[in-house]
Amino acid sequence: MEQIKTMQISKPLPHEGQMEVLRNLKRFNVVANGRRWGKSKLAILLSINSLLRGHHVGYFVPSFTFADDIWSEMKDRLEPFMVGKNETTKSFNTRSGGHFKIWSLENKMAGRSRKYHRVIVDEASFNKTLLQQWEQAIRPTLADYKGDAHFLSSPVFGTDFHELHQNSERYDNWSSFNMPTHTNPYISKEELVLIESQTDPYTFAQEYLAKFIRLKGKPFVYTFNRDKHIKLFRPIDKNRPLHLSFDFNVNPMTCIVAQHSENHSYIQVLDEFRESNSNIFDLCRKIKIKYGDYFLYVTGDPAGLSRSSLSENMNHYIVIRNELGLSDSQLHVRSSHEYLKNSFVLINSLFSRHPNIYINPECRHLIKDLEMVQVLEDYQIDKKDKELSHLLDCLRYYLETYFMSFLKIRF
């Protein structure tokens, strides 16, 4: 053992928030943590402490895409201590007699028939079959050595990780923790204040305060407030461009008309078009009659870029450009859809934090969408009511095109 002690083994130095967890560990531990709290460093420390005692450690991740950073850091810290390293299986033995292996939970039998003193389950919220795999494959690996287990992840309501987090209320040998980002002293308070000012309240509570937030069944734009946001902030500024944002359906075909200042000090939706049993040609003619004298920019659903959307040599945006007499530089269409979680955070951040974002009271279909359209699991939009969500989509595309820089974080 003297030889082992003289080796240069570099263990992470735990900060005070991590020390609080370490001081209160039981046999089974579930740590819900805020972003940048340092869960991976804690997981590495727990792994190294066990390996130094000659123990066997199983490290479980949702898929091997989550394993690269952990594997690299374990090698950097323990290289002199390793024997029999295997890059393919992401495993090694140690000079103390220990063993370390990373498992992907994409393999439903991951860990089965192995014996471990310690199990780490990282990014546990991302595994939708965690309870089943825990009970059927992982938990039995701890029986021989009466080993311990540590589940670490950011909190997501309704997941198997959330279910395990509640075990501390049921069993004496389970411990649960909620560790907000601010318990990491290396993250500045000023930075967290800035992030909070550019993030919607629910997302900040989940991602930084480490709270389990139930979103399903709430309005997708839960920060919309009729008293605050329904008004015409100012008449159309004829010196500023108007922005058209389209969503393409036969029934209905929709578009909003919006305007914002150059420095984004105000954002307002001025008008909406919702045409039943229509087509893009008819919609463009109506827009041209009403707004043909204004300088226009166009954005909307990226699916409209597909040449198969109308014909082999035509797509919706080519029609819009031709019918409205625009140049290519007036088309500001994103090449792909934004991840819906980013869209959810963006639109709710703007409606909760931006001081001047308004909807014309005459945009009744958009207002109905803002109040009625609900969010599902994984931030999906509930589209079971075919009459709803089309104007909301127009608004999302507009905000995604011009205001993504408002967000301090993206997912």
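At the start of helix 11, which backbone nitrogen does a side-chain oxygen of N315 reach to within 2.8 Å? The backbone nitrogen is that of Y317, and helix 11 itself covers residues 316–324, where helices (H or I, at least four residues) and strands (E, at least two) are DSSP runs numbered from the N terminus. This is a predicted model, in which local features need pLDDT of at least 70 and side-chain atom pairs count only at pLDDT 80 or more, while totals for chains, interfaces and linings use all residues. Residues are numbered from 1 along each chain as its sequence is written, and side-chain values use heavy atoms, with hydrogens and water left out.

The buried residues of helix 11 are H316, Y317, I318, V319, I320 and L324, buried meaning under 20% relative accessible area, exposed over 50% and partly exposed in between, with a 1.4 Å probe and protein chains only. These buried residues pack against strand 9 (242–247), helix 10 (280–291) and strand 12 (296–300), and just after the helix G325 takes a positive phi of about 65°.

Elsewhere there is an open sheet of eight strands, ordered 3-4-5-2-6-7-1-8 with mixed pairing; two strands pair if DSSP finds at least two bridges between them. Strand 3 (82–86) and strand 8 stand at the edges with a single partner strand each, so one side of each is left without a neighbour in the sheet. From one strand to the next, the twist averages 15°. The partner of strand 8 in a parallel pairing over six bridges is strand 1 (residues 28–33), and here N29 stands opposite S175 in strand 8. Helix 2 (residues 16–23) lies across strand 1 and strand 8, running at about 170° to strand 8, where axes are lines fitted to C-alpha atoms, for helices over the stretch in contact, and angles run from 0 to 180 degrees between N-to-C directions.

Two loop residues complete the walk. H117 lies in the loop between strand 5 (99–104) and strand 6 (118–122), and it counts as buried because its relative accessibility is 17%. Not counting residues up to four places away in sequence, H117 touches S50, H55, H56, L142, Y145, G147 and D148, contact meaning heavy atoms within 4.5 Å. Q166, in the loop between helix 6 (160–165) and strand 8 (174–179), counts as partly exposed because its relative accessibility is 26%.

Definitions and conventions: A polar contact is a pair of N or O atoms within 3.5 Å; within protein, one must be able to donate a hydrogen and the other to accept it, and residues adjacent in sequence count only if both atoms are side-chain atoms.
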